[in-house]
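Welcome, and thanks for opening your viewer. Keep the selection tool handy, and we will walk through the model one stop at a time.

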Amino acid sequence: MEKKEYQLGDIVQMKKPHPCGTNEMEIIRMGMDIRIKCVGCKHSVLVPRAKFESKLKKVLRSNPDMKEDNSV
Ligand SMILES: [Zn+2]
């Protein structure tokens, strides 16, 4: 099974689009639960990590501002 990688600030696509019609969510908090915010209507929801992973379709893009600079 493919391991999905995501981090704070990533824009992710869920299996089901948000009721507002947008299917892009931003990860705004990570912990035991993950808080995601709809890019379209700015509505945020808190979901348990396991539920989030089961509903996650794919990571669309990472937030460059959140990335650590690993270049040497
Ligand atoms: Zn929405």
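Helices here are DSSP runs of H or I with at least four residues, strands are runs of E with at least two, and both are numbered from the N terminus. Colour by secondary structure and follow the order from the N terminus: β-β-β-β-α-β.

A word on what you are looking at: this is a predicted model, in which local features need pLDDT of at least 70, side-chain atom pairs count only at pLDDT 80 or more, and totals for chains, interfaces and linings use all residues. Residues are numbered from 1 along each chain as its sequence is written.

**Stop 1: strand β1.** Select residues 11-14, which form β1. Two strands pair if DSSP finds at least two bridges between them. Which strands does β1 pair with? One is β2 (residues 25-29), antiparallel to β1 over two bridges. Show Val12 together with Met25, its bridge partner in β2.

**Stop 2: the core.** Next, select Val12, Met25, Ile27, Ile34, Ile36, Cys38 and Phe52, the seven residues of the largest nonpolar core. Such a core is a set of buried Ala, Val, Leu, Ile, Met, Phe, Trp, Tyr and Cys residues joined through C-beta atoms within 7 Å. Strand β3 (33-38) and strand β2 each supply at least two residues of this core, and β3 gives the most, with three. A residue is buried if 20 or more other C-beta atoms lie within 10 Å of its own, exposed if 12 or fewer, and partly exposed in between, with C-beta atoms placed from the backbone. Of the 72 residues in the chain, 10% are buried.

Stay on Met25 for its contacts, meaning residue pairs whose C-beta atoms, placed from the backbone, lie within 7 Å. Beyond residues up to four places away in sequence, Met25 touches Val12, Met14, Ile36, Lys37, Cys38 and Val39.

**Stop 3: two lysines.** Pick Lys42, in the loop between β3 and β4 (44-48). Its phi is near 65°, a positive value in a residue other than glycine. Is Lys42 buried or exposed? Lys42 counts as exposed because it has 10 C-beta neighbours inside 10 Å.

Finish at Lys4, in the segment before β1. Lys4 counts as exposed too, with 12 C-beta neighbours inside 10 Å. Leaving aside neighbours within four places in sequence, Lys4 contacts Glu53, Leu56 and Val59. Draw a C-alpha to C-alpha distance from Lys4 to Val59: 7.9 Å in space, for residues 55 apart in sequence.

Conventions. Contact = placed C-beta atoms within 7 Å.
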